[in-house]
Amino acid sequence: MKTLGSLRETFTGEIILPSERAYDEARAVWNKMFDRRPAIVVRPRGADDVIAALRFAREEELLVAVRCGGHSIPGLSTCDDGIVIDLSAMRGASADPERRTARVNGGALLAELDDAAQAHGLVCPVGVVSHTGVAGLTLGGGMGRLQRKFGLTIDNLASVELVTADGRRVRASEDEHPELFWGMRGAGPNFGIVTEFEYRLHALDHPITFGTVTHPVERARDLAGLFRELAESGPDELFLSFGTAKDRSGGGAFAFLTVQHCGPPDRAERELAGVRAFGPPVRDTIRAMPHLAAQHLNDETQDWGHRFYMKSAFLPAFPDDAVDLCAERASRAPDGADCEFSVWAWGRAIAEVPEDATAFTGREAAVWLAAEALWDDAALDEQCRSWGRDALADLAPFASGGRYVNDVAEVGAGVARMVYGDAKYERLVALKRAWDPDNVFRLNQNVQP
Ligand SMILES: Cc1cc2nc3c(=O)[nH]c(=O)nc-3n(C[C@H](O)[C@H](O)[C@H](O)COP(=O)(O)OP(=O)(O)OC[C@H]3O[C@@H](n4cnc5c(N)ncnc54)[C@H](O)[C@@H]3O)c2cc1C
């Protein structure tokens, strides 16, 4: 980087250089595995600042990292020696109760969208940890506990405004640049910097029912059977996640079933009778609560500053042999780490959207399965990564094609093709050539022009 000259003239936001006291905090990202040292971090105040930052980056030939919530699992919102365009000064969300829509700025966190919508008894389906960024989550797809009723986050996206690689402001929706809008919904970080999202909202003005029952790991097969039965016969309002886990408390592995029912509490209680009848749990936290309370329950365990690895797959079914592997692999998780398999019921509203309607790949699966490890001691890095990788290698015979782009920890050539499959990947390449032929936006699961 030769000079800051042109940036200082046009950019109104904060500029943070390595010599400054704020630098170490400004360069930190959620996953502590990534300790990068960018040449400069800038915090735009609006779309004009984003354009100025991008122009400067291109003049100086700087590698560009774009950050919203900083939760990228492979650390894609930071870099060594390049520029981080950190949108954290562009937070904020507002809801329009008449139109049942929300407008959300490009740097907002999930909590802001949740709060704005719930202030009017409305909701947008988003993820399960409220400090995650709206932008990264949405542009990859957006899974969450309302997904069987209202679909993925992208299924509720009405439009995006973005700054393109050549510094233009463009709006994409079903009517404006529809092909770009197709690609934004699943491969979005490849095509520009989103400064504003518009979402459609749904009514949710009563308490939801949420919680987890924990059972000995020896009951994993039976509990998975209940999970399958409820996934098949339960209502769209019912979210289900089966899992096996071992945490760093030193106890052994256990099995669990997490449920969220977004219908009225009395109906939820009736439709969750099978969970209560399953047998005495080791622990039961299922109860009615405000939607916003549930949205914050994972915030602390998944807070900033830990090391994290995950690997996932989509499965067309979740047979007992796969359940056994999850139980056995959880028992062998590294000591000193929190390790779990979680298996989310898929289908319903997700599957109602045709597979080729968006770049997101994997709608036809029966379940999404992930092995996740969270730890603090860097000496455990390789053990934790191998645990997740080896487990998913064992489970590979049960998997179908495609991956959820937002939880792919690996990066590099070939990863995006594996995520999207050949046909969608070729369609994305054509889009990339049209909108970012120089691959300015390459710190993502990259589609190569
Ligand atoms: C604790 C935790 C919980 C999670 N829970 C869920 C969940 O419930 N459901 C789910 O679907 N996923 C979940 N995820 C995965 C999450 O969706 C991805 O990590 C997502 O990329 C995070 O978005 P972010 O804005 O915080 O990330 P960032 O690291 O800021 O960005 C991620 C990617 O998006 C790009 N990007 C960021 N902002 C913009 C923008 N404005 N315009 C264009 N590109 C941009 C970045 O360049 C980067 O490539 C979770 C992740 C974590 C760490």
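How much space lies in the second largest pocket?

1. The model is a predicted one, and the answer for this pocket is about 230 Å³. Its lining consists of 15 residues, and those closest to the centre of the pocket are Ala28, Arg67, Ser88, Arg91 and Trp304.

2. By class, the lining of the second largest pocket divides into five nonpolar, five polar and five charged residues. Two of the residues closest to the centre, Arg67 and Arg91, are arginines, and arginine counts as charged.

3. Around the ligand there are 32 residues, of which Val66, Cys68, Ser77, Met143 and Tyr404 come nearest. Sorted by class, this shell has 16 nonpolar and 15 polar residues, with one charged residue.

4. For His71, a polar backbone atom lies 2.9 Å from an oxygen of the ligand.

5. Strand 3 (64-67), helix 5 (134-140) and strand 10 (193-200) are the elements that give two or more residues to the shell. Which element gives the most to the shell around the ligand? Helix 5 does, with four residues.

6. A separate point concerns a hairpin formed by strand 8 and strand 9, with five residues between them. Strand 8 covers residues 157-163 and strand 9 covers residues 169-173; the two run antiparallel and are joined by five bridges. Val160 has Ala172 of strand 9 as its bridge partner. In the turn, Gly167 has a positive phi of about 80°.

Methods
Residues numbered from 1 in each chain as written. Predicted model: local features only at pLDDT ≥ 70, side-chain atom pairs only at ≥ 80, totals over all residues. Heavy atoms only, no water. Pairing = 2+ DSSP bridges. Near = heavy atom within 4 Å. Polar contact = N/O pair within 3.5 Å; in protein donor to acceptor, adjacent residues only side chain to side chain. 1 Å grid on protein atoms, 1.4 Å probe; cavity = no way out; pocket = protein on both sides within 12 Å on 5 of 7 lines; lining within 4 Å. Points joined across faces, edges and corners; volume = space filled by probe spheres on them.
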